[in-house]
Amino acid sequence: MGARRWTERTMEIGQHAIAVVLTVIACIRAVTNGAPLIAAIAVSVVFLSWYTLGAVRAARTGALVLAKWWLIVLAAAWLCTLLVSAEFIWVAFLLWLLAGHLFSLRIAIVFTALTYIATVVAPLALYGQVLAPSIIGSLIGAVFALGLSRGYIELLREGRRREELLRSLELAHQNLLDLQDELALTQRHAGEIQERTRVSRDIHDTIAQSISSIRLIAHAEAERTTDDHAAQVLGQVEDLAAQGSRDVRRIIAALAPAELEDGALSAAIRRLLTRLEEDTSIVGRLDLDDALPTLSAEVEVALLRTAQSALANVRQHSRASRVMISLMDVDGAIRMDIVDDGVGMDDPENRRRNPESGFGLDFIGSRMSELGGELVIESTPGSGFAISATLPGQSQLRTRGGGLGTSAQGTVADSAGRLGEGGIGTVGGSEHSDTDPGESP
């Protein structure tokens with residue numbers, strides 16, 4: 001970027017130098033060949049003054065339309081100089097440079113041709129003749145100036161393209177780093193949740209069961225015994241077991257993932273939909289498959305994160321009035337569809353990312369890929385937006401590649417009718433029952 005700016009600045013200085021040098025030389029030659037001194041100086045000053053005014057205005061505003069009109073007036077001022085002396089024909093070289101820079105190629109050729117004709121007609125009108133070297137020299141100068149200015153424009157365009165490419169590469173690199181960080185955090189978070197869940201289940205299946213058994217045995221023996229002291233001791237044992245059972249339940253609750261601490265993915269998604277409706281008035285609906293199996297913590301967290309990211313996109317970009325989430329068992333695989341009736345997207349496969357709005361869809365696809373699943377995006381303009389996240393069954397769950405697909409038809413059309421069947425007040429489906437490990441192990 002610094003090199004391009006230096007080149008532009010150098011070309012500008014060179015252009016200004018050409019304007020001053022050519023005008024001064026033409027004025028001197030005009031006076032030498034008999035032109036009135038005051039007239040030659042006057043037209044030179046007027047020409048340079050208008051040129052300076054236009055150069056300053058262009059540097060400040062950068063308005064191309066004004067610059068074109070400025071050049072037309074400058075050409076008119078140049079024609080006035082030709083009335084004083086034909087020696088000013090050499091200033092046309094500056095006009096040809098500016099025409100190639102400011103006008104389109106077709107208009108620049110017409111402008112150059114007209115000014116070239118003026119360089120031939122002026123000596124003929126003032127001196128009665130025009131020399132062949134002057135005709136040929138002016139023609140070569142016109143072609144050279146026009147080619148030079150057009151080449152300069154192409155160099156500027158190429159420089160800008162290189163800068164845009166460099167910025168795109170830098171942005172892609174930063175996005176890749178952000179994606180890697182997100183993947184690392186997701187893997188670490190999933191590992192932490194899996195370990196905490198394993199520990200909580202081990203406690204439930206061992207210590208909680210033993211304490212509950214001690215409590216039941218103590219209670220039964222206390223009712224059968226006739227020894228008051230033994231009954232008192234057994235009552236104390238039962239009370240201690242009950243206290244231990246409550247402590248175990250508290251520990252298990254503390255180890256459970258925060259988002260799923262009530263033990264149900266459906267309840268967590270309902271909370272997301274409820275919050276979405278409270279914040280935006282977008283009506284939410286949840287459909288659950290009655291045959292949905294018990295999911296591992298890793299799968300539940302992945303699906304919950306997917307729902308969170310998708311609903312965030314609905315909140316920020318969709319302009320939807322309804323959104324539906326369905327969770328179902330499809331041939332042993334777990335599939336979650338999220339459909340809204342918003343503005344949709346023209347080409348989801350080639351969607352353009354806004355750096356300020358994050359990378360939610362890419363992260364969802366990466367999360368599905370990590371678990372061996374896939375993410376399908378379906379959208380058409382004005383027909384809503386839908387994503388379908390599928391994870392394999394527990395026996396097939398593993399980390400592998402693949403996972404992000406797009407389609408322009410299907411899920412939106414199939415699900416559009418279901419969006420109007422109910423709102424958050426009728427969020428349907430079966431509830432997962434929560435088992436208290438201490439009360440009924």
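Guide: A crossing of two helices is left-handed if the near helix is turned anticlockwise from the far one by less than a right angle, and right-handed if clockwise.

Visitor: OK, what kind of model is this?
Guide: The model is predicted, so local features need pLDDT of at least 70 and side-chain atom pairs pLDDT 80 or more, while totals for chains, interfaces and linings use all residues. Residues count from 1 along each chain as its sequence is written, and side-chain values use heavy atoms, leaving out hydrogens and water.

Visitor: At what angle do H3 and H5 pack?
Guide: Helix H3 (residues 64-84) packs against helix H5 (residues 105-127) at about 10°, with the axes 10 Å apart. Helices (H or I, at least four residues) and strands (E, at least two) are DSSP runs numbered from the N terminus. Axes are lines fitted to C-alpha atoms, for helices over the stretch in contact, and angles run from 0 to 180 degrees between N-to-C directions.

Visitor: Is H3 roughly parallel or antiparallel to H5?
Guide: The angle makes H3 roughly parallel to H5; under 35 degrees counts as parallel, over 145 as antiparallel, 65 to 115 as perpendicular and the rest as oblique.

Visitor: Left-handed or right-handed crossing for H3 and H5?
Guide: H3 passes H5 in a right-handed crossing.

Visitor: Which residues of H3 and H5 meet?
Guide: Leu71, Ala75, Trp78, Leu79, Leu82 and Leu83 of H3 meet Phe111, Thr115, Ala118, Thr119, Ala122 and Leu126 of H5. Contact means heavy atoms within 4.5 Å.

Visitor: What about H3 and H4, at what angle do they pack?
Guide: H3 and helix H4 (residues 92-102) pack at about 160°, their axes 11 Å apart. H3 and H4 are therefore roughly antiparallel, and their crossing is left-handed.

Visitor: Which residues make that contact?
Guide: From H3, Leu64, Ala67, Lys68, Trp70, Leu71, Leu74, Ala75 and Trp78 take part, and from H4, Ala92, Leu95, Leu98, Ala99 and Leu102.

Visitor: New topic. What is the mean pLDDT of the protein chain?
Guide: The chain has a mean pLDDT of 76, and 80% of its residues reach 70 or more. pLDDT is the predictor's confidence in each residue, from 0 to 100.
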